Amino acid sequence: MMKALVAAGLLFGLAASGASAADVPLPARLSASGKPALPDAPPPPALPDAPLICPPDVRRCTNGSDVSRNAALDCAFNPCPDATQH
């Protein structure tokens, strides 16, 4: 209720002075769209490289064993023990 009275008083004061709302400068913390303006600051530091996470799939080798993907090989499958796969 008190905020409404203060706002009404400000509007009445503006109207009495002949000024319009467009003549009143916005506070420094708000942009023209009414959203908070970002402060002038350097960009944040770069994030460290995230570890590579490979899909959890596996490949079946001809000898019946399974091999998974290896992050050290850019997510390529580990080689089969008998070097063949299907």
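Select Cys-61 and Cys-80 to begin: these two residues form a disulfide, with their sulfur atoms 2.0 Å apart. A disulfide is here a pair of cysteine sulfur atoms within 2.5 Å. This is a predicted model, in which local features need pLDDT of at least 70 and side-chain atom pairs count only at pLDDT 80 or more, while totals for chains, interfaces and linings use all residues. Residues are numbered from 1 along each chain as its sequence is written, and side-chain values use heavy atoms, with hydrogens and water left out.

**First stop: Cys-61 and Cys-80**

Cys-61 lies in the loop between β1 and β2 and Cys-80 in the segment after β3, so the pair ties together parts that are 19 residues apart in sequence. Helices (H or I, at least four residues) and strands (E, at least two) are DSSP runs, numbered from the N terminus. Turn next to the S-S bond of Cys-61 and Cys-80: its torsion is about -85°, so the disulfide is left-handed. Cys-61 and Cys-80 are both buried. Buried means under 20% relative accessible area, exposed means over 50%, and partly exposed lies in between (1.4 Å probe, protein chains only).

**Second stop: Cys-54 and Cys-75**

Now select Cys-54 and Cys-75, which are joined by a disulfide with an S to S distance of 2.1 Å. Cys-54 is in the loop between α1 (2-17) and β1 (58-60), and Cys-75 is in the loop between β2 (66-70) and β3 (76-77), so this pair ties together parts 21 residues apart in sequence. The torsion about the S-S bond of Cys-54 and Cys-75 is about -90°, so this disulfide is left-handed. Cys-54 counts as buried at 18% relative accessibility, and Cys-75 counts as buried at 13%.

How many disulfides does a search of the whole structure find? The search finds two. With the bonded cysteines of the chain numbered in sequence order, the pairing is 1-3, 2-4.

**Third stop: the salt bridges**

A salt bridge is a side-chain nitrogen of Lys or Arg within 4 Å of a carboxyl oxygen of Asp or Glu. By this rule there are two salt bridges. Select Asp-57 and Arg-69, which form a salt bridge whose closest N and O atoms are 2.7 Å apart. This pair links distant parts of the chain, with Asp-57 in the loop between α1 and β1 and Arg-69 in strand β2, 12 residues apart. Asp-57 is partly exposed, at 31% relative accessible area, and Arg-69 is partly exposed at 27%.

Finally, select Arg-60 and Asp-66, a salt bridge with its closest N and O atoms 2.5 Å apart. Arg-60 counts as partly exposed at 46% relative accessibility, and Asp-66 is partly exposed with a relative accessible area of 41%.
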